[in-house]
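Look at the structure shown here and follow it part by part.

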Amino acid sequence: MSEKLIEIGKSGIMTPFLGMGTWAIGGGAWWGDNDDQISIRTIEEAIDAGILWFDTAPVYGLGHSEKVVGKALKGKRHKVILSSKCGLQWDYETPAYHKSVDGVKVYRDLSGKALEKQVEQSLIRLQTDYLDVCYTHWQTPDPKLYPIEETMDTLMKLKKQGKIRAIGASNVTEDIIREYCRCGQLDVIQEKYSLFTRRIEKELVPVCQELGVSIQAYSPLEQGLLTGKASEDRILPEGDVRNNNPWWKPEPRKRIIAMLKGWNDLENKYEC
């Protein structure tokens, strides 16, 4: 891959436009059973193809994705940009219940003490001593429970300690972005964005442009629907995360597959 590098916010970290997400590598009920060796080989081949930025999170398979990514990047860590997340944990109960993952209750905790512990656990699973980007995964509905100022103070401290290089926030609003920027240096947000899920264009892009915050898209291929490999008659297993995606419902899926087939002539004509 040969392309111009772009800066992640104001961090000084430069990356190609394309990165690789590893949510599905976590497996479990959300994505089904995976062969870890295939996942590792896929990451290795992605590096060979020029992919530099790899993104994961503790909650992806309750630590499994991070462990697999750590194995795949062993000996190659210096070649890549690695991001993970914090703010979700399943070791204890908090007032902010998130959801059940494979029968395990996951809670939100963005307190300073919790974030320090979560980052340390991620570093162990990933077999590294720093993250290039650390995102807060989900914000707390009640901002008074875990004030962003406390969250940001802790992340800025971890940055000074060299455990993270840049701070990110995921699943946010304009007001949350502004509060993060008021309390410290927010370099990037991560939001769902694809040809069909486009709310951020009006809601978040303008404020990010104003404040110099980058945007990393998650699920840009609508969880595999836009790869061209999904069929109309595919039945998703119970618990599969795509059952909650409105574009994977039978009628929208049928229209999207027809649209993709109609693009074949354009692909051939423009070699794209």
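Helix H3 (residues 64–72) packs against helix H4 (residues 112–126) at an angle of about 45°, and their axes are 7 Å apart. Helices (H or I, at least four residues) and strands (E, at least two) are DSSP runs, numbered from the N terminus. Axes are lines fitted to C-alpha atoms, for helices over the stretch in contact, and angles run from 0 to 180 degrees between N-to-C directions. H3 and H4 are therefore oblique to each other. Angles under 35 degrees count as roughly parallel, over 145 as roughly antiparallel, 65 to 115 as roughly perpendicular and the rest as oblique.

The model is predicted: local features need pLDDT of at least 70, side-chain atom pairs count only at pLDDT 80 or more, and totals for chains, interfaces and linings use all residues. Residues are numbered from 1 along each chain as its sequence is written, and side-chain values use heavy atoms, leaving out hydrogens and water.

Which residues of H3 meet H4? They are Glu66, Lys67, Val69 and Gly70, and they meet Ser122, Arg125 and Leu126 in H4 (contact means heavy atoms within 4.5 Å). The residues of this contact of H3 with H4 divide into two nonpolar, two polar and three charged. Here Ala, Val, Leu, Ile, Met, Phe, Trp, Tyr, Cys and Pro count as nonpolar, Asp, Glu, Lys and Arg as charged, and the others, Gly among them, as polar.

Now the sheets. Seven strands form an open sheet with parallel pairing, in the order E3-E4-E5-E9-E10-E11-E12. Strands E3 (19–21) and E12 (214–218) are the edge strands, each pairing on one side only. Two strands pair if DSSP finds at least two bridges between them. Neighbouring strands of this sheet are turned by 25° against each other on average, direction ignored.

Strand E10 (residues 164–170) and strand E11 (residues 188–192) run parallel and are joined by three bridges. Five of the five residues of E11 are buried, so E11 is largely enclosed by the rest of the structure. Buried means under 20% relative accessible area, exposed over 50%, partly exposed in between (1.4 Å probe, protein chains only). Val188, Gln190 and Lys192 point one way from E11, while Ile189 and Glu191 point the other way. In a regular strand the side chains alternate between the two faces of the sheet.

A second open sheet has three strands in the order E6-E8-E7, with antiparallel pairing. Its edge strands are E6 (88–89) and E7. E7 (residues 97–101) and E8 (residues 104–108) pair over four bridges. Two residues lie between these strands in their hairpin, where Asp102 takes a positive phi near 55°.

Some bridge partners from both sheets follow.

| Residue | Partner and its strand |
|---|---|
| Gly168 | Val188 in E11 |
| Ala169 | Ile189 in E11 |

Last, the cysteines. A disulfide is a covalent bond between the sulfur atoms of two cysteines. How many does a search of the whole structure find? Zero disulfides turn up (a disulfide is a pair of cysteine sulfur atoms within 2.5 Å). The sulfur of Cys134 is 3.7 Å from the closest cysteine sulfur, in Cys86, which is too far for a bond. Cys86 is buried at a relative accessible area of 1%. Cys134 is buried too, at 0%.
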